[in-house]
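Subject: Structure handover

Hello,

Here is the structure I promised. Please open it alongside this email.

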Amino acid sequence: MSKKNIVVLFGGQSSEHEISCISAATIIKNMDHDKYTVYPVGITKEGNWRLHEGTVDDLPEDKWVKGSVKAFLSPDATEKALYVFREDGMSKVTVDVVFPALHGLYGEDGSVQGLLELAQIPYVGCGILASSVSMDKLYTKIIVEKLGIRQAKHVPVNQKEMENIKDVVAKIEKELPYPVFVKPSNTGSSKGVTKAHSRGELFDGLEFAIKFDTKIVVEEAIVGREIECAVLGNYHPRASNVGEIIAAAEFYDYDSKYNDKGSETLINPDLPKETVKKLREYSTDIFRAVDGRGLARVDFFVEEATGEVVFNEINTLPGFTSISMYPILWEDKGISIKELVERLIQFAYTK
Ligand SMILES: Nc1ncnc2c1ncn2[C@@H]1O[C@H](COP(=O)(O)OP(=O)(O)O)[C@@H](O)[C@H]1O
Ligand SMILES: [Mg+2]
């Protein structure tokens, strides 16, 4: 069997650029190099596409940028090609499959998936629709509401309404008690997310969130535990067991996610069997409802006072570092990272 050419896209123009470089390094290290010739294509924060021809250890901290060469995927479906521009001229590589190891905007939101659909190149993970609705917290809510799964009560706010922020605050105060969570609708890594305990903090949180997106979601604060579940597959997705996030800060903000070593993940936390069953069922139900493919991590709260399951968000390209919840949850089910990467690539080809 001849080797397949696989392009791994990483970096990207989102606030999760750094974490994507680490995810890609883990994915590439765990690929079957007898089966695939890997072309790691990094996208700089400015949006420049570069083929990295050095070692995978150069992926973190953008060490890959130096020495990389200009390269990009053609949208032309008759070519299915990666164009590479070295000093001695341009060359083309035929691409069999793409692994978009991109998190956040311009990667997890359907934009790259759109390019790959145009090019008709098989790719790992969710398509355009699932990617974009899952990235947008307001639209995810609309879909999950149909399933009757509980979510935090929320108030949507758009850019136009923000011209009269006093009215926005009045509308929110009518609906929700403090504290509230203020989030840009399209965000990841907690960027732009704040917890407002008072009117003053709500004003500040709204002004801050609107810098990241044209839509904001303001939510009631759920007091409880943060539980996540991994989903793998296409039309018959499988749910892992669950894992708990124990945040080092007041909530799981950007710093506690990536900088604070005090945050912990706990696999198979102590929870009633019935609750775990619900979490797993809801995860695959939500994955199907958004038309998911390949993989996703579905995040919930288990409310302290009632023990009820409350859906928070779905991530269609979850963190994939060796300490990320997604691969760890599958390892717990007996699927090594190597096997997981291979299965994900296979799901790009199968229904
Ligand atoms: N309604 C809420 N109640 C309690 N905590 C919340 C709520 N919404 C968000 N959080 C906290 O903020 C973190 C980031 O919010 P999240 O919606 O997951 O955004 P992101 O997409 O950036 O991860 C969560 O992991 C959680 O700790
Ligand atoms: Mg989150």
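Predicted model: local features only at pLDDT ≥ 70, side-chain atom pairs only at ≥ 80, totals over all residues.

Residues are numbered from 1 along each chain as its sequence is written, and side-chain values use heavy atoms, with hydrogens and water left out.

The protein chain splits into domain 1 (4-123), domain 2 (133-150 + 222-349) and domain 3 (154-220). These bounds come from an automatic or database domain assignment.

The C-alpha centres of domain 1 and domain 2 are 26 Å apart. Contact (heavy atoms within 4.5 Å) links 29 residues of domain 1 with 20 residues of domain 2. About 1900 Å² is buried between the two, 65% of it from carbon and sulfur atoms. Buried area is the accessible area (1.4 Å probe) that two parts lose on being put together, summed over both. Asn30, Phe99 and Glu108 supply 28% of what domain 1 buries against domain 2, more than any other three residues.

One salt bridge is counted between domain 1 and domain 2. The term means a side-chain nitrogen of Lys or Arg within 4 Å of a carboxyl oxygen of Asp or Glu. Lys35 pairs with Glu342 in a salt bridge, with the closest N and O atoms 2.7 Å apart.

On the side of domain 1 that touches domain 2, helix 1 gives the most, with seven residues. Helices (H or I, at least four residues) are DSSP runs, numbered from the N terminus.

Best wishes

Note on methods
Chains lettered and ligands numbered in written order. Helix = DSSP H or I, 4+ residues; strand = E, 2+ residues; numbered from the N terminus.
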